[in-house]
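Please load the model in your viewer and keep the selection panel open.

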Amino acid sequence: MNTKRLIKADVHLHTCLSPCADITQSPKRILEKVNEKAIDLIFITDHNSMANVRACLNAGKKYSNIEVCPGMEVTTREEIHLLSLFENMSDAENTLTYINYYLPEARFDKEKQEQIIANEFDEVEGFYGKSLYSAVDLDLDEIIELIHGNNGLAVAAHIDRQSFSVISQLGFIPEKCKLDALEISPNMQMEDVKEIYKNYSARYKFVQGSDSHSLNTIGSVYTGFWGMDNSYKSFYSFLNE
Amino acid sequence: MKIKELVEKFELNILTDIYEPDRGISGCYSGDLLSDVIANAQKDNIWITMQTHLNIVAVSGLKELTAIIIVMNRLPDKDTIDKAKEERITILGSSLTSYQTGGKIYESGII
């Protein structure tokens, strides 16, 4: 019998790789917290890089109840934060190749920058060289096309925030924009979305991500949907139904 | 000062056309966040920006701005130029930075 159940997904999680994230936000501890909070599906979305995604996938292997998927929070040329969400590493890495090529070479003192590459055992493997604060030299539409070309989902991040959101940068969402969903930050209530964003609710689905930069915010909010299971495919169907 | 005088005085590049050469300038606003420009630019302002996205045309129309000056020789996409021509929005280009462009315009008496 095919029955759907409520799946809790977090589409927006940073690790200690992101320069703004807490040092304790390691792959191992993130997974422990996600398990404790009974989140079923997570996307690892550091800024402009996936250097800690494999460690998170490895750390997730001991939890059969959690699906860990690769992702990235890309900064577009307009300085819009765009979540890219993927089913597998192959699609994710194809996208990353382009993003990395178009991310400027700006380098800082590696250790001061605290862009920590960690393994699944809570150990530091190294520090990421390029500044992940930079913007990728591709525009919003080009990056959406790149993500779609690699079977991924493109979600505008924290559209209610006054910085780095598609609305703060562009004033409004362009009519032909092929976003798959809009994400609201934990500062908003999901039930207020339809009223506040009534111009967009007919065109786009809304999701909520924790945008966790530290362990204590994991599980504070999530996107709930009815799915057959906690796979990427279920989430994909939810956004495209 | 009128828009055509401004273009001549500062040797601005004309990226679309000057649709209303005799249109007056009420002041100037500089900004790259379109939400900020929507909130704070005034009618008949010149707008200095490095944004090249299609939405600049809509913002300029909405706020009834005199012209957009895109700085640092950045070139808008074809979509943006096409839309601006269709909507008769004047887009100019400058080789200078926002700071330098704004400084020169301020110095010329437009405040």
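Contact, as used on this tour, means heavy atoms within 4.5 Å. This is a predicted model, in which local features need pLDDT of at least 70 and side-chain atom pairs count only at pLDDT 80 or more, while totals for chains, interfaces and linings use all residues. Residues are numbered from 1 along each chain as its sequence is written, chains are lettered from A and ligands numbered from 1 in the order in which they are written, and side-chain values use heavy atoms, with hydrogens and water left out.

Begin at the interface by selecting the part of chain A that touches chain B: 10 residues of chain A are in contact with 12 residues of chain B. The area buried between the two chains (accessible area, taken with a 1.4 Å probe, that two parts lose on being put together, summed over both) is about 890 Å², and carbon and sulfur atoms give 51% of it. By class, the side of chain A that touches chain B has 4 nonpolar, 3 polar and 3 charged residues, where Ala, Val, Leu, Ile, Met, Phe, Trp, Tyr, Cys and Pro count as nonpolar, Asp, Glu, Lys and Arg as charged, and the others, Gly among them, as polar.

In chain A, 8 strands form an open sheet of mixed pairing in the order 9-8-7-4-3-2-1-10, two strands being paired if DSSP finds at least two bridges between them. The edges are strand 9 (205–208) and strand 10 (223–227) of chain A, each of which pairs on one side only.

Within this sheet, select strand 1 (residues 5–13) and strand 2 (residues 41–44) of chain A, which run parallel and are joined by 3 bridges; Asp10(A) has Ile42(A) in strand 2 as its bridge partner.

Move on to chain B, where 5 strands form an open sheet, again of mixed pairing, in the order 1-5-4-3-2. Its edge strands are strand 1 (13–14) and strand 2 (27–30) of chain B. Finish with strand 2 and strand 3 (residues 45–49) of chain B, which pair in the parallel sense over 4 bridges, and centre the view on Cys28(B), which stands opposite Ile46(B) in strand 3.

Definitions and conventions. Helices (H or I, at least four residues) and strands (E, at least two) are DSSP runs, numbered from the N terminus.
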